[in-house]
Amino acid sequence: RNNRPRVLVTRRWPQSVETELAERFDTVFNIEDKAMSAADFRDALGHFDAILPTVTDGLGPDALNVPQARTRLLANYGVGFSHIDTDAAKRLGIAVTNTPDVLSECTADLAMTLMLMVARRAGEGERELRAGAWTGWRPTHLVGAKVTGKVLGIVGFGRIGRAMARRAHFGFGMKIVVQNRSKIAQEVLDRFDAEQVDSIDELLPQCDFVSLHCPGGAANRHLINARRLDLMKRGAFLINTARGEVIDEQALAQALMFDCIGGAALDVFDGEPRIAPVLLDCDNLVMLPHLGSATEETRTAMGRRVVDNLVDFFEGREPGDRVA
Ligand code: 8YV
């Protein structure tokens, strides 16, 4: 039993997958359930065969700055892995895996939730009611924007972007326009009656709603900046369930305050859980605390997927979800 791989789980997981991990591996859970520091990681790299991080674990150059590591696998719990410096991992001979597919439907559900909430001013309405400030029905009270039949721009047409397109097109009769770094097969676009444009600049002016489903990281940092917010239709809405750094939040706050766009809805933030104070002053902004994949079913499925990657890796097979 003692030659079982030694595995560190940085946060608490749903019970059933924690049990599965403990049965199969020599598992240590970070019972504090708090984000780990770079120093904690440098230490852990000397003691564990695999580390199972989440988005709250910054595995940047500092955390991976060790001469050598016992760790051979970083099996991320989550699909996005821009918090892991994959070049540094590679130099140390550490493989990286993620958990795609299993969270696409729930993340798209949450993007729809955000889109409907911001268009229909649901957050404002709930705040008003709870504050005891609702004076009653009137024809002009909290009038929002119609969603059905509008144009939805999708930035990043991977698994989650497509799950979003399916909901919006078939459920809400929306016209879908997509931008993606590579060309999408015509047969895939045809499924949603979608059209692919060559650039974000081309996409933005056509859309009533824009939903971000691209990866985070340095390459996409501030992809949505002041200049691009200015390309959006006046009255259009921006939705982000991808990564906080994709939007320049200061520029977004300006655009919201001066009504250059109709509103925005964010599930992710640059430097979360810290929220840029300017955002708190924007009424036409819906904010949720990174809930995209937060269902019992999906969080359990994500854990299973990590277990599959670990088992494959330590039994000498190439893990299905290897990303680096
Ligand atoms: C997770 C996510 O909640 O998978 C992702 O990329 O953002 C969410 O599903 C989180 O990242 C878990 O690490």
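Let's start with a pair of facing residues: Val177 stands opposite Glu195 in β8. The strand β7 (residues 175–179) runs parallel to β8, and two bridges pair them. Keep in mind while you look around that this is a predicted model. The protein chain has an average pLDDT of 97, and 99% of its residues score at least 70. For the complex, the predictor reports an ipTM of 0.93 and a pTM of 0.97.

**The seven-stranded sheet**

Strands β7 and β8 belong to an open sheet of seven strands, ordered β8-β7-β6-β9-β10-β11-β12 and paired in parallel. At its edges you will find β8 (195–196) and β12 (285–287), each of which pairs on one side only.

**The five-stranded sheet**

There is also an open sheet of five strands with parallel pairing, and its order is β2-β1-β3-β4-β5. Why is one side of β2 and of β5 left without a neighbour in this sheet? Both β2 (26–29) and β5 (95–97) stand at the edges and have a single partner strand each, so one side of each has no neighbour there. From one strand to the next, the twist averages 20°.

At the β5 end, strand β4 (residues 73–75) pairs with β5 over three bridges, in the parallel sense. Here Leu74 is the residue opposite Val96 in β5. Helix α12 (residues 296–314) packs on this sheet, where it touches β1 (6–9), β3 (50–52), β4 and β5. The direction of α12 makes about 160° with that of β4.

| Strand pair | Sense | Bridges | Facing residues |
|---|---|---|---|
| β7 and β8 | parallel | two bridges | Val177 and Glu195 |

**How the chain is divided**

The protein chain splits into domain 1 (6–102 + 296–314) and domain 2 (104–287). Their C-alpha centres lie 31 Å apart. Where the domains meet, domain 1 contributes five residues to the contact and domain 2 contributes seven residues. On the domain 1 side, the residues that touch domain 2 are one nonpolar, three polar and one charged by class.

**Two backbone details**

Two spots in the loops are worth a look on your screen. The peptide bond that leads from Glu272 to Pro273 is cis, and its omega is near 10°. Pro273 sits in the loop that joins β11 (263–266) and α11 (277–280). You can find Asp101 in the loop between β5 and α4 (104–119).

Notes
Residues are numbered from 1 along each chain as its sequence is written. This is a predicted model: local features need pLDDT of at least 70, side-chain atom pairs count only at pLDDT 80 or more; totals for chains, interfaces and linings use all residues. Two strands pair if DSSP finds at least two bridges between them. Helices (H or I, at least four residues) and strands (E, at least two) are DSSP runs, numbered from the N terminus. Axes are lines fitted to C-alpha atoms, for helices over the stretch in contact, and angles run from 0 to 180 degrees between N-to-C directions. Two residues are in contact if their C-beta atoms, placed from the backbone, lie within 7 Å. pLDDT is the predictor's confidence in each residue, from 0 to 100. Domain bounds come from an automatic or database domain assignment. Ala, Val, Leu, Ile, Met, Phe, Trp, Tyr, Cys and Pro count as nonpolar, Asp, Glu, Lys and Arg as charged, and the others, Gly among them, as polar.
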